[in-house]
Amino acid sequence: MTQALQTLRDKPSARWTALILLAMAMFFSYIFMDILSPLKDLLETDRHWDSTAFGTYAGSETFLNVFIFFLIIAGIILDKMGVRFTALLSGVVMLIGATINWYAVTEAFMGSSIEAWFTNHLNYIPLLDELGVSPFYHGMPASAKFASVGFMIFGCGVEMAGITVSRGIVKWFKGKEMALAMGIEMAIARLGVAVVVLASPAIAKIHPISVSRPLAFELVLLC
């Protein structure tokens, strides 16, 4: 008799552990995506962001995915290089973007040469300004500009991670509880949005008040 070939995903403990790891990656990613949303008042008072600056920053997350078709590129990378490589790559890209995002709202950025450069540059982007889709504008605070750059890079990583996680679930749960696994993963990831509304202001208001502290804490979680 020929014995059926058993793989690691045939063990429930292994595939559900894999799901937890995949879901937690997206959980922490979703937290970072919205981590500044409850801190708008602090950004206005401490970093001089107005509503236009905050809205422009928030919209920058999808900019590269839309205008350089990065999601399509990410799909090609996933097909060519596999889940493991693409998962690691998306994690590195998220960390780079998140680090820039965090540094942009720190005290160390204020008065730095990087702040001076962003104050004097990226005030007009030909064609993008005319189309009304530029991620920067004249008079936008330098910290908001630099944070937008980081958020764009982070957006590439998090969207790449999203399709990689879906592919990873298929890899582990094909022929098993795949729909349930996808539902659980999405539910856990979406909890990140609820967590950030409560946790971000609480962490920021620990004495002394710091708008960058929640980002630093979340950066550690992403690592």
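User: Does Trp-49 count as buried or exposed?

Analyst: The classes rest on relative accessible area: buried means under 20%, exposed means over 50%, and partly exposed lies in between (1.4 Å probe, protein chains only). Trp-49 has a relative accessibility of 2% and is therefore buried. Tyr-57, at 3%, is likewise classed as buried. This is a predicted model, in which local features need pLDDT of at least 70, side-chain atom pairs count only at pLDDT 80 or more, and totals for chains, interfaces and linings use all residues. Residues are numbered from 1 along each chain as its sequence is written, and side-chain values use heavy atoms, with hydrogens and water left out.

User: How many aromatic pairs does a search of the whole structure find, and what geometry do the rings of Trp-49 and Tyr-57 have?

Analyst: Rings of Phe, Tyr and Trp (its six-membered ring) pair if their centres lie within 6.5 Å; planes under 30 degrees apart count as stacked, over 60 as edge-to-face and the rest as tilted. Searching the whole structure gives 13 aromatic pairs. Between Trp-49 and Tyr-57 the ring centres are 5.4 Å apart and the planes stand at 55°, so this pair is tilted. Another pair joins Tyr-103 and Phe-146: the centres are 6.2 Å apart and the planes at 85°, which makes the pair edge-to-face. This pair connects distant parts of the chain, with Tyr-103 in helix α5 (residues 70-104) and Phe-146 in helix α8, 43 residues apart. Helices here are DSSP runs (H or I, at least four residues), as are strands (E, at least two), numbered from the N terminus. Tyr-103 is partly exposed at 23% relative accessible area, whereas Phe-146 is buried at 12%.

User: Which residues form one aromatic cluster?

Analyst: The cluster consists of Phe-32, Trp-49, Phe-54, Tyr-57, Phe-151 and Phe-154. Two of its members, Trp-49 and Tyr-57, form the tilted pair described above.

User: Where in the chain do Lys-40 and Glu-44 lie?

Analyst: Both are in helix α2 (residues 40-46), 4 residues apart, and are therefore separated by about one helical turn. Lys-40 is partly exposed at 25%, as is Glu-44 with a relative accessible area of 29%.

User: What does the salt bridge of Glu-107 and Arg-47 tie together?

Analyst: In this bridge the closest N and O atoms are 3.5 Å apart. Glu-107 belongs to the loop between α5 and α6 (113-120) and Arg-47 to the loop between α2 and α3 (51-59), so the pair ties together parts that are 60 residues apart in sequence. Glu-107 is exposed, with 60% relative accessible area, whereas Arg-47 is buried, with 6%.

Notes:
Salt bridge = Lys/Arg side-chain N within 4 Å of Asp/Glu carboxyl O.
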